[in-house]
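Try each task yourself before you read its solution.

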Amino acid sequence: MTSPVKALELKTRIFTAIVVLTNVLGNSFLSRGMQSVGELLSLSPLPYIRALFNPWVALGVSLLIVWLLSHMALLSWADLSYVLPVTSIAYVLVALVGRFLLHEHVSPARWVGITLIMAGVTLVGHTAPRTHTPQKRVVSV
Amino acid sequence: MKWILVSIIVLATTAGEVLQALGMRHHGEIHDFRPGALGRVASALAQSWHIMASIGAMAVSFFAFMSLISIAELSFAVPATAASYILETIFAKYMLKEHIGWKRWTGTLLVASGVVLLAVE
């Protein structure tokens, strides 16, 4: 039998991974699609709806919906002040994908940024995912 | 225009995530991931004004972000929104009553400064 604390940590890690991966892939596809859609500055919803017919934009938006739902599930038990820094490991993934798959140049300042984010994520990752007391259901005595 | 969009994104993201955390906190921990149980979660959340307002705020943030990346590089857009880390952590402490010890504060500040440095070419 696993202890409740271990189970909560495992669940938190699994959902953090889903949140991070859907965020990185969703934003990459969206960004790729937006490059072919062109400038989008409008208060009317029509140009945005038209953009959704671009397959990359549609794929990106679908992944971002999964991102939203898994983020909501994660926040049902974990602290916002835990989820926020820990899921920012996504920035590191974006930078590493840019460097090693797209062969983009990563400046020394960006490498420092990547290192700081990894240090920050490690530090927050060592705190308990939940510090608030879970709400008790009201029980009449 | 770039910076107007950045301010809209930071404010809407902070409002959206804090409201989302409040709504999910009220709902309570999700234990059961079977489709039927998740359907009941969805219908409960659809009746929560925190969650509905949070989705509205995140939609504003999302469309402002889409506009921003259509006129600016992604490498400008993403780091420019780092201010929301500090703002959200303050709300987490005072509104959501989370315990933010030195590890969490230091880690959050490291992450936010790292995100800003990612913008430096």
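**Exercise 1.** In which helix of chain A is the place of I117(A)? Then work out whether I117(A) is buried or exposed.

*Solution.* Start with a bit of background: this is a predicted model, where local features need pLDDT of at least 70, side-chain atom pairs count only at pLDDT 80 or more, and totals for chains, interfaces and linings use all residues. Residues are numbered from 1 along each chain as its sequence is written, while chains are lettered from A and ligands numbered from 1 in the order in which they are written.

Step 1: I117(A) sits in helix 6 of chain A (helices are DSSP runs of H or I, at least four residues, numbered from the N terminus).

Step 2: I117(A) has 26 C-beta neighbours inside 10 Å, so it counts as buried. The cut-offs are 20 or more other C-beta atoms within 10 Å for buried, 12 or fewer for exposed, and partly exposed in between, with C-beta atoms placed from the backbone.

**Exercise 2.** Which residues of chain B is I117(A) in contact with?

*Solution.* Contact means that the C-beta atoms, placed from the backbone, lie within 7 Å. Leaving aside neighbours within four places in sequence, the partners of I117(A) include V111(B), G114(B) and V115(B).

**Exercise 3.** How many residues of each chain are in contact with the other chain?

*Solution.* Step 1: 39 residues of chain A are in contact with 42 residues of chain B.

Step 1: Helix 6 of chain A gives the largest share of the side of chain A that touches chain B, 12 residues.

Technical notes: Two residues are in contact if their C-beta atoms, placed from the backbone, lie within 7 Å. Helices (H or I, at least four residues) and strands (E, at least two) are DSSP runs, numbered from the N terminus.
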